[in-house]
Amino acid sequence: MFDIREEISIHQWTNNCQIAVVPIINSEVFISGHGGPCIQAHLSHLQPDIANNGWRDYGNRQGTQRLLQIFSDLNISVSIAMNSYLIDKEPKIFGEIQQFSKEKQNIEIIGHGLTNSLSAVKHLTFEEQVKQSLDQIEQTLGNKQRPTSWLTPGFAAPENSSDVLGKYYCHLKKKLFSLIFYLVKNGIRMSLDATNDDILYKLKSSIDKEKELIILPYSIETNDISLCLSQGYTGEQYSQALIDYIQQLSEEKSSHARVVCLGLHTFIVGTPAKAFHFKKAIQQIKQIPNVAFFNCQQLLEILQNRNIQ
């Protein structure tokens, strides 16, 4: 049972940086007939759902390259949370990701399941989905590029757990124990499957003290689905919200170095108007004191170099 929460004691990242901003591009596959995020929800019942399917497809076909180009132009590190089905179902898009990652050493792929159409893979257990997705990425990219960080599609933690993950997580009920067990078992060292903090922490087992998982909280307040779809922010409002969030953290006095994940979806912030304002936001965030950009692997390397894990 992963019932021990342990804050990671780190006061700064690198070069006096106290705020680590971690952009996460969600590169996702949606299977026709199994739904997904909508820009015109009143049409989602139609089959085929031309409007919403096309909107999500546009994100993959155009938004992926647009976002990668922004990060490349600004020389900013980024993690790509990729459904492994993208490798076979969208080979051209996967090829673009590979090309950017070869040209820029600060672009990495992290695990993000098989597909975000969860009903299409419900015949597989969660452990099978984790293993198959990581194996597929490793087989395609090579052994040294097996992901060590993970974001569960749709935060769909497994149901088949027999206990509660400690008093701190009692509201999550019977899900997270199985999630963590399967991730650690498959070589994952860092999980983004939490939204409850702005510092790194570990989840450890009181039964097996060798097992632990680093948690990188995936903020809902800086997620483009929360801001643009749920709250209806314009590109300008979305951009300002990111700036304000990080500016506020930079002005606070804290004994802990902070982390801020930027949850990005190719079909939202990858569209032209949103991308225009997003790039402006990133340029302004780069100027905020004590702030720097990292990907998940870079954070793990910092911890490892300091013997924190």
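Helix α7 (residues 235-251) packs against α8 at an angle of about 20 degrees, with their axes 8 Å apart. The model is predicted, so local features need pLDDT of at least 70 and side-chain atom pairs count only at pLDDT 80 or more, while totals for chains, interfaces and linings use all residues. Residues are numbered from 1 along each chain as its sequence is written, and side-chain values use heavy atoms, with hydrogens and water left out. Helices (H or I, at least four residues) and strands (E, at least two) are DSSP runs numbered from the N terminus. Axes are lines fitted to C-alpha atoms, for helices over the stretch in contact, and angles run from 0 to 180 degrees between N-to-C directions.

**α7 and α8**
- The two helices α7 and α8 are therefore roughly parallel to each other (angles under 35 degrees count as such).
- The crossing of α7 past α8 is right-handed, a term for a near helix turned clockwise from the far one by less than a right angle.
- In contact (heavy atoms within 4.5 Å) are G235, E236, Y238, S239, L242, I243 and I246 of α7 with K274, H277, F278, A281, Q284 and I285 of α8.
- The residues of this α7 and α8 contact divide into 7 nonpolar, 4 polar and 2 charged; Ala, Val, Leu, Ile, Met, Phe, Trp, Tyr, Cys and Pro count as nonpolar, Asp, Glu, Lys and Arg as charged, and the others, Gly among them, as polar.

**α1 and α8**
- Helix α1 (residues 50-73) and helix α8 (residues 272-285) have axes that come within 11 Å and cross at roughly 15 degrees.
- α1 and α8 are therefore roughly parallel to each other, and α1 passes α8 in a right-handed crossing.
- Y58, R66, L67, I70, F71 and D73 in α1 meet P272, A275, F278 and K279 in α8.
- This contact of α1 with α8 has 7 nonpolar, no polar and 3 charged residues.

**α1 and α3**
- The axes of α1 and α3 come within 10 Å and cross at roughly 5 degrees, which makes α1 roughly parallel to α3.
- On the α1 side, N60, R61, T64, Q65, L68, Q69 and S72 meet I93, E96, I97 and F100 in α3.
- The contact of α1 with α3 comprises 4 nonpolar, 5 polar and 2 charged residues.

**Largest pocket**
- The largest pocket holds about 560 Å³ of space.
- Of the 20 residues lining the largest pocket, I107, E108, I109, K144 and Q145 are closest to its centre.
- Elements that give two or more residues to this lining are α3 (91-103), β4 (107-111) and α9 (296-305).
- The lining residues divide into 4 nonpolar, 9 polar and 7 charged.
- A pocket is an open set of points on a 1 Å grid over the protein atoms alone, where a 1.4 Å probe fits, with protein on both sides within 12 Å along at least five of seven lines; lining residues have an atom within 4 Å of a point.

Definitions and conventions. Parallel < 35°, antiparallel > 145°, perpendicular 65-115°, else oblique. Points joined across faces, edges and corners; volume = space filled by probe spheres on them.
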